[in-house]
Amino acid sequence: MSRKAPVNEAPDAIEILEILARIPHRYPFLLVDRAEEYRPSQSIVGIKCVTFNEPFFQGHFPGFPVMPGVLIVEALAQTGAVLMSKSLDVDVAGKTILFMSLDNCRFRHPVRPGDVVRMPVEVVRARGDVFKFRGKALVGDKVAAEAEFAAMVVETQ
């Protein structure tokens, strides 16, 4: 049984239903709410609207809630996976996209409840089913995190 992602009206925007069809992540681990400025095999901007109801805020940290840095990087990776899935038109019924590497990762500003995180991700290199990316997580004009990372398409069956 093949699942195909729904086609969006705006060719450079990707709404939540298409994201759900393109990557396997689900609550509480889905960390991209929508994407925009999609350019096939080139770039995308992921959007994460951070709310106080996120499950990690209960323990990270009481009295001063901060989004864990590893989850910010995961949100960047999920944004890259959406770009890969759409660019390669990956049939998600038998394949998924897995994180391969992380380099030059830096955390610069905390992400707090109420923040909207914009995640511009660009392709540095693409060879077949392997993409290398460079991305940033921005809150307003402040860089919360930045990293280079790679991902690949793998068979799940």
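M152 sits in strand β6; strands here are DSSP runs of E with at least two residues, helices are runs of H or I with at least four, and both are numbered from the N terminus. This is a predicted model, where local features need pLDDT of at least 70, side-chain atom pairs count only at pLDDT 80 or more, and totals for chains, interfaces and linings use all residues. Residues are numbered from 1 along each chain as its sequence is written, and side-chain values use heavy atoms, leaving out hydrogens and water.

Is M152 buried, exposed or partly exposed? With a relative accessible area of 30%, M152 is partly exposed, a class that lies between buried (under 20%) and exposed (over 50%), using a 1.4 Å probe and protein chains only.

## The nonpolar core

Now let's look inside. The largest nonpolar core has 37 residues; such a core is a set of buried Ala, Val, Leu, Ile, Met, Phe, Trp, Tyr and Cys residues joined through side-chain atoms within 4.5 Å. The elements giving two or more residues to this core are β1 (34–39), α2 (69–88), β4 (116–127), β5 (130–139) and β6 (142–155). Which element gives the largest share of this core? That is α2, with eight residues.

I44, M67, V111 and F133 have the most contacts inside the core. Setting aside neighbours within four places in sequence, F133 is in contact (heavy atoms within 4.5 Å) with residues including G80, L83, V121 and F149.

## A buried glutamate

E18 belongs to helix α1 (residues 16–22). E18 counts as buried because its relative accessibility is 3%.
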